[in-house]
Every structure is written in structure tokens, then in C-alpha cells.
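Please have a look at the structure first.

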Amino acid sequence: MSFADLGLSDELLRAITEAGYSDPTPVQQQAIPSVLMMRDLIAIAQTGTGKTAAFVLPMIDVLGHGRTRARMPRSLILEPTRELAAQVAENFEKYGKYHKLSMALLIGGVQMGDQVKALEKGVDVLIATPGRLMDLFERGKILLNGCDLLVIDEADRMLDMGFIPDIENICTKLPASRQTLLFSATMPPPIKKLADKFLSNPKTIEVARPASTNVNITQVLVEVDARKKKDVLRDLLNADDVNTAIIFCNRKTTVRELAQSLQRSGFRATEIHGDMEQSARIKELDRFKSGDINILVASDVAARGLDIKGVSHVFNFDAPWHPDDYVHRIGRTGRAGATGKAFTFVTSADAEAIENIEKLTGQTLTRIKGSGESAAKAAPSSPEAADVAADDQPRPARRSRAKAAPKVEEAKAPAPKPERAARKPQEKPAPRREVAKPSEDSNDTGGWNGPMPDFLSHGFN
Ligand code: AMP
């Protein structure tokens with residue numbers, strides 16, 4: 001099936017071709033015709049499946065007709081984080097370049113002036129995080145009764161962040177006759193309830209979880225002594241063919257410490273976590289996207305859903321507490337047909353977390369011993385090899401680091417700091433579904449007073 005078979009306009013097809021996409025992904029094939037027919041939709045799909053374009057593309061055509069009215073957005077997209085909201089806006093820019101649609105972003109922590117100005121003129125597309133939207137609504141700066149199309153994206157993440165009451169509230173402000181599209185990676189009962197209450201006769205589609213089906217990702221568990229994690233990581237970064245890597249840690253303090261430690265070892269590394277101001281996060285992400293640096297140390301919420309092309313490796317420096325975080329984390333690599341590798345460090349304290357990951361993904365993951373260089377040698381080279389890695393001969397480590405993070409000259413490198421012997425015991429995570437407030441790393445409340453990138457506040461043509 002081609003994009004042309006889905007009923008999209010010629011202008012849109014041109015923009016899609018120019019974006020380099022030839023065939024629609026399964027979620028796009030199933031969602032686009034229904035959205036164009038104005039049906040409500042529940043799509044169980046994760047980032048990495050092409051789900052953003054599954055709603056952005058038909059929305060551009062649906063909104064191509066009709067006119068804006070002051071303070072009355074014609075459509076509303078709710079996103080859990082500022083980064084995801086900005087990413088959706090980028091999608092509208094990319095695919096909507098031959099349409100004259102206007103757009104505004106309402107995201108927490110950004111000064112409101114430009115956003116309010118854009119809204120007052122009237123916009124076709126409003127992309128918002130729930131908190132900021134409610135804030136402006138309550139101040140009378142925005143009217144939602146002209147909004148005929150609502151997208152609730154990453155609904156399960158919204159649940160985790162405590163946004164469901166806001167979303168329910170927002171739904172009641174929109175016309176009852178609107179079209180509603182709900183995207184979620186999973187369907188826990190509160191999301192099912194939300195859908196039953198606010199969607200009418202929806203079409204439901206489900207696409208496979210990337211983690212269980214993405215054969216492009218080689219997944220390996222690296223058994224490691226907690227005190228040796230940094231050594232093993234450094235060896236893997238040096239020995240495996242790392243082009244670009246995202247390294248996930250469970251705590252912001254670990255993110256900071258590890259990024260600094262890697263920098264001291266001469267790696268081109270940076271950090272992104274929820275304590276950083278939005279402008280700083282965007283700056284570091286841009287450096288990573290441009291290749292200025294090739295290692296990004298990240299916390300879960302800060303990196304959630306980020307669409308960064310060509311990430312060759314994901315490292316879980318800490319095994320994630322929640323199995324769905326594992327799925328999201330490793331989904332940063334192996335995107336859009338490329339291959340990738342995901343190494344997860346496992347200490348004796350992580351047995352339960354790993355059991356849950358294997359249960360969720362339906363896979364038994366290959367284990368290797370992480371003692372530095374030997375870990376890199378033992379790592380399987382492909383997903384197929386991973387299946388039989390236990391019996392495999394170790395392959396020679398590839399030493400080519402043409403594109404990998406170069407180490408600074410050994411003589412100039414500062415002496416590595418001794419690892420701290422005593423570490424804090426692992427904190428047990430709060431049960432995920434009970435979190436009522438945005439989580440520790442939540443980034444919808446921090447302050448950002450810096451300038452906004454152009455596309456965040458202006459219309460696009
Ligand atoms: P998403 O699931 O929306 O996070 O998208 C995942 C990635 O797939 C993004 O890099 C998109 O640019 C890319 N993508 C979206 N649609 C297609 C397509 N039809 N063909 C190839 N790549 C796509």
C-alpha cells in the first residue's frame with residue numbers, strides 16, 4: 001500500500017516524498033483513512049511506529065479547509081511533555097509546508113506572551129501540555145468550543161504523570177460532536193475508562209510493540225558488579241562500534257555524574273534530565289542531533305519519545321524499574337529500518353526488574369558477563385546472533401572508532417577518579433500507576449525564560 005492509496009492530497013504526498021518516506025507504516029495505513037473519514041480512533045502504538053505522522057498527516061488535510069477564528073483553535077493535540085509537543089510541531093512543519101495552516105504551542109515553563117499572541121490571531125493547530133492549557137483556559141485566554149478535533153497522545157504516559165483529571169476537564173470544554181483520536185502504548189484500565197467516556201464508536205487499531213517485534217535491535221543483558229559499571233561502559237563504548245549512543249540512568253544525579261565522568265575520560269558526552277531548563281535541554285539535544293557530541297546520558301522522562309535518527313546504541317546504565325520504560329528506552333535505536341544494539345547492565349539487585357522485562361516483551365534476553373573488554377567481545381553482532389549468543393564464539397572486538405567517541409590523548413587524560421566503594425542502596429520505585437503528581441523527572445513545570453525556537457511560536461506556511 002502506498003501513501004497515495006490512503007486518500008491524502010497531492011500537496012501532502014509531495015511533502016511526504018520530500019521527507020524521504022516511500023511507504024506508510026502499519027499504524028499509518030490503518031489510521032489515516034479513518035481519520036480522514038472523521039472517525040474517532042484508539043491507536044495502541046508506541047513511538048517508533050510512525051504514529052505521529054499517523055495523526056499529523058490526515059489532520060493537515062482535514063484542516064486544509066476552513067478558517068481560523070480568534071482565540072478558538074480548530075484542533076488540539078495534547079502531549080505529556082514539552083519535548084514531545086515540540087516534536088509534533090516539527091512534524092507539522094515538515095509535512096505541512098505546502099499548506100497554509102497556523103500553529104501554536106502551549107508548553108509549561110515558557111513565557112506566555114508569544115503563545116497568547118499566536119492564539120489571539122486564531123490557529124488551526126494548538127499543541128499543548130495539559131497543565132499550561134488549563135492555566136490559559138482558566139484565565140479566559142482561550143476558547144475550546146470551536147475545537148472539532150482532539151488528539152490525546154501518549155495517554156498512558158499522561159496517566160503516569162497525573163494528567164488524567166486535566167484531560168477529562170479539557171474534554172468537557174470541547175464540543176461533544178468533535179472527533180477524538182487517542183494514542184497510547186498500552187491500555188491500562190484508567191485509559192480504557194477515559195476512552196469509553198470521551199470517544200464515540202471509535203475504530204481501534206493495535207500495532208505490535210517494537211520491543212517484542214523489532215528484530216532490528218540486538219538486545220543484551222550485561223551482568224556487572226555495581227561498582228564496575230563505569231569501567232564496563234567505557235570498555236563497551238571503546239570496543240563496540242558505537243556511532244551514537246543514548247545512556248539511560250534511573251536517577252538525575254547518576255545522569256549528571258556519569259556524563260561528567262565520561263567527559264573526563266575524553267568522550268564527547270552530554271546530559272539531559274528533568275532538572276535542566278528547557279532551553280539547555282534543547283541545546284544539548286541539538287548538539288547531539290548535529291553530531292557535535294555522540295553520547296547522550298539521559299533520564300527517562302527527558303528522553304521520552306524523542307525522535308533522534310541513527311542512534312546505534314542504547315545503554316541502560318541502570319536497569320529500568322518499569323518494564324515499559326525498557327521498551328521505550330531501547331526503541332531509541334533500531335528506528336525506521338536501521339539496526340541497533342541495546343545493552344542493559346544488570347546487577348544482583350535487578351533480578352525482579354529483568355524478570356518483568358522478559359515477561360512483558362516475551363523474550364529471554366541473552367546474558368553476557370560484563371568485565372570490560374570481554375563484555376564487548378562477547379556481545380552478539382546481530383539480533384540473530386543474540387538468539388544463539390550463549391553458544392557463540394566471541395567475535396573480535398571492532399577497534400575502528402572512526403565515527404565513535406574519540407578518547408583524548410591518553411597522556412592528557414586526567415586520571416580516572418576512584419569509584420566510590422559504598423553506594424546508596426537501590427531505592428524501590430513507587431508503583432507506577434499510583435503516581436498522582438508529575439514524576440520527579442517530570443518536565444512540565446520547570447522554568448524556561450529563554451527565547452523560543454521560531455517554530456514554537458509562529459505559524460507555518
Ligand atoms: P514516531 O513513531 O512518530 O515516533 O516515528 C518514528 C520515526 O519513524 C520517525 O523518525 C519518523 O520520522 C519515521 N517515520 C514516520 N513515518 C515513516 C514512514 N512512513 N516511513 C519511514 N519512516 C517513517
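Before I describe the shell, a word on classes: Asp, Glu, Lys and Arg count as charged, Ala, Val, Leu, Ile, Met, Phe, Trp, Tyr, Cys and Pro as nonpolar, and the others, Gly among them, as polar. What you see is a predicted model, and in it 16 residues surround the ligand, the closest being Y21, Q28, G48, G50 and T52. By those classes, the shell divides into three nonpolar, eight polar and five charged residues.

Turning to individual atoms, a polar side-chain atom of Y21 lies 2.2 Å from an oxygen atom of the ligand, while a side-chain N or O atom of T52 is 2.6 Å from a ligand oxygen. The protein covers 89% of the 500 Å² of accessible area that the ligand has on its own.

Where does the ligand lie relative to the domains? Domain 1 (3–210 + 446–457) and domain 2 (217–392) both give residues to the shell, so the ligand lies between them.

As for confidence, the mean pLDDT of the chain is 79, with 76% of its residues at 70 or more; over residues 386–461, however, the pLDDT is below 50.

Key. Residues are numbered from 1 along each chain as its sequence is written. This is a predicted model: local features need pLDDT of at least 70, side-chain atom pairs count only at pLDDT 80 or more; totals for chains, interfaces and linings use all residues. Side-chain values use heavy atoms; hydrogens and water are left out. A residue is near a molecule or strand if one of its heavy atoms lies within 4 Å of it. A polar contact is a pair of N or O atoms within 3.5 Å; within protein, one must be able to donate a hydrogen and the other to accept it, and residues adjacent in sequence count only if both atoms are side-chain atoms. Accessible areas come from the Shrake-Rupley method with a 1.4 Å probe; for residues, only the protein chains shown count as cover. Domain bounds come from an automatic or database domain assignment. pLDDT is the predictor's confidence in each residue, from 0 to 100. Contact means heavy atoms within 4.5 Å.
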